[in-house]
Amino acid sequence: MKIAFFDTKPYDRSSFEKFAGDMEFTFYETRLDGRTVGLAQGHDGVCVFVNDEVTAAVIDRLYEMGIRFIALRCAGYNNVDVEHAFGKIHVFRVPAYSPYAVAEHAMALLLTSIRRIHKAYIRTRDFNFSLNGLTGFDLHGKTVGVVGTGKIGRIFIDICRGFGMEVVAYDKFPSADSGISYVELDELFRRSDIISLHCPLTNETNHLISAEAIEKMKKGVVIVNTSRGGLIDAEALLAGIKERKVGAACLDVYEEESDIFFRDFSGHIVEDDTLARLISMPNVIVTSHQAFLTEEALENIAETTVSNILSFTETGACDNELCYRCGNIEDCKKKRKEKCF
Ligand code: NAD
């Protein structure tokens, strides 16, 4: 069994090699897209990450080469044309590897931002012990609005409750008996001091945080996004910050991250003016899609990805297949007992 890994980093290699067994892994640093798809030739399957571009054209080329599965080593699948893959190539994902990693990173970003830790760190390294301009605010008693109350959202809610915060939430599919106080999105925008995004990127959630949404928010709102960049209209966010309407933004993901994140551009000129301007703001913290990056998560990702592949090749079915048969991509496995086509 030969598998081509795209968009890999040294940490992928070390976590996956432990689970290789009889499989042969080829690790490519380049992303999978229309130009690089030829590198998959001679393999049985491909393993991809969040910024690989698994478009209809790429899927057709993979299919022509005899590739029969795409193993996502992540939870989100907005970069894969799952509908087009149906009937041709099976797609698996890792639905959960460490929701704690992402939820804890969201809180780490929030605390760093509102207590100005990023500023203090730089100051004290330069032996500047002044406190001027470092005044933060208590989280205790503040209202946090959580959009998406799945695995990560719920852990983030628990963390926030530990800080004594009021939690309101919005989910397209609210969970009864969860003890979560659900409100409509507009009410969440109106009431929240902090808004944290934990829903997937879909056509419906694209630019969920738009100029219009920001208009409805409290002055000084802190926006945290550890989900997917496309949930926020970055230009609108920048305008909201310039107008002093948005008090701070904590971004682990960015709309146009695919050509920038995970790479070292120090010493280079970054072409993306919106990102450069956001980073230049004193009240914006950007991390490079790092929320998942814990030892526990990497080990779970490698173990589940390999077990998805083995399950599919040995039994013909995989519980973590993204199936398009009934359009209910994630949950139709509850109805089917075998592979999706
Ligand atoms: P999940 O599937 O457990 O939860 C997603 C929740 O969003 C569900 O409750 C679902 O009902 C809700 N939802 C779906 N459509 C919605 C809509 N239109 N409006 C509001 N809510 C909606 O997923 P999860 O494991 O909690 O992950 C959440 C997101 O986090 C993923 O989609 C992924 O994009 C992102 N993520 C980021 C990182 C990172 O490193 N930054 C790592 C893992 C996951």
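**Before the views: terms.** A cavity here is a set of points, on a 1 Å grid over the protein atoms alone, where a 1.4 Å probe fits but cannot get out. A pocket is an open set with protein on both sides within 12 Å along at least five of seven lines, and lining residues have an atom within 4 Å of a point. Grid points are joined across faces, edges and corners, and a volume is the space filled by probe spheres set on the points.

Please keep in mind that this is a predicted model: local features need pLDDT of at least 70, side-chain atom pairs count only at pLDDT 80 or more, and totals for chains, interfaces and linings use all residues. Residues are numbered from 1 along each chain as its sequence is written, and side-chain values use heavy atoms, with hydrogens and water left out.

**View 1. The second largest cavity.** The second largest cavity holds about 50 Å³ of space. Its lining is made by Asn225, Gly229, Ile232, Ala234, Leu237, Leu251, Val253, Tyr254, Glu255 and Leu278. By class, the lining has 7 nonpolar, 2 polar and 1 charged residues; Ala, Val, Leu, Ile, Met, Phe, Trp, Tyr, Cys and Pro count as nonpolar, Asp, Glu, Lys and Arg as charged, and the others, Gly among them, as polar.

**View 2. The largest cavity.** The cavity count for cavities of 30 Å³ or more comes to 2, and the largest cavity has about 90 Å³ of space. Among the residues lining the largest cavity are Asp7, Lys9, Tyr11, Arg73, Phe262 and Phe292. Two or more lining residues come from each of α1 (10–17) and α11 (295–315), helices being DSSP runs of H or I with at least four residues, and strands runs of E with at least two, numbered from the N terminus. The most is given by α1, with 4 residues. Sorted by class, the lining of the largest cavity has 7 nonpolar, 1 polar and 4 charged residues.

View 3. The domain assignment, which is automatic or from a database, gives domain 1 (2–97 + 295–315) and domain 2 (99–286). The C-alpha centres of the two domains lie 30 Å apart. Across the boundary, 12 residues of domain 1 are in contact with 10 residues of domain 2, where contact means heavy atoms within 4.5 Å. Where does the second largest pocket lie? Both domains give residues to its lining, so the second largest pocket lies between them. Its volume is about 340 Å³, and of the 18 residues that line it, the closest to its centre are Asp7, Lys9, Glu29, Thr30 and Arg31. The lining of this pocket has 9 charged, 5 polar and 4 nonpolar residues.

**View 4. The sheet of 5 strands.** This open sheet runs in the order β2-β1-β3-β4-β5, with parallel pairing; two strands pair if DSSP finds at least two bridges between them. At the edges are β2 (24–27) and β5 (90–92), each pairing on one side only. From one strand to the next, the twist averages 20°; axes are lines fitted to C-alpha atoms, for helices over the stretch in contact, and angles run from 0 to 180 degrees between N-to-C directions. Helix α1 packs on the sheet, touching β1 (2–5) and β2, and its direction makes about 175° with that of β2. Strands β3 (residues 45–48) and β4 (residues 69–72) pair in the parallel sense over 4 bridges, and glycine 45 has phenylalanine 69 as its bridge partner in β4.

**View 5. The sheet of 6 strands.** Here the open sheet has the order β7-β6-β8-β9-β10-β11, again with parallel pairing. Each of the edge strands, β7 (166–170) and β11 (284–286), has a single partner strand, so one side of each is left without a neighbour in the sheet. Neighbouring strands of this sheet are turned by 15° against each other on average, direction ignored. Between β9 (residues 221–225) and β10 (residues 246–251) there are 5 bridges in the parallel sense, and isoleucine 223 has alanine 249 as its bridge partner in β10. Helix α9 (residues 234–242) lies across β9, β10 and β11, running at about 140° to β10.
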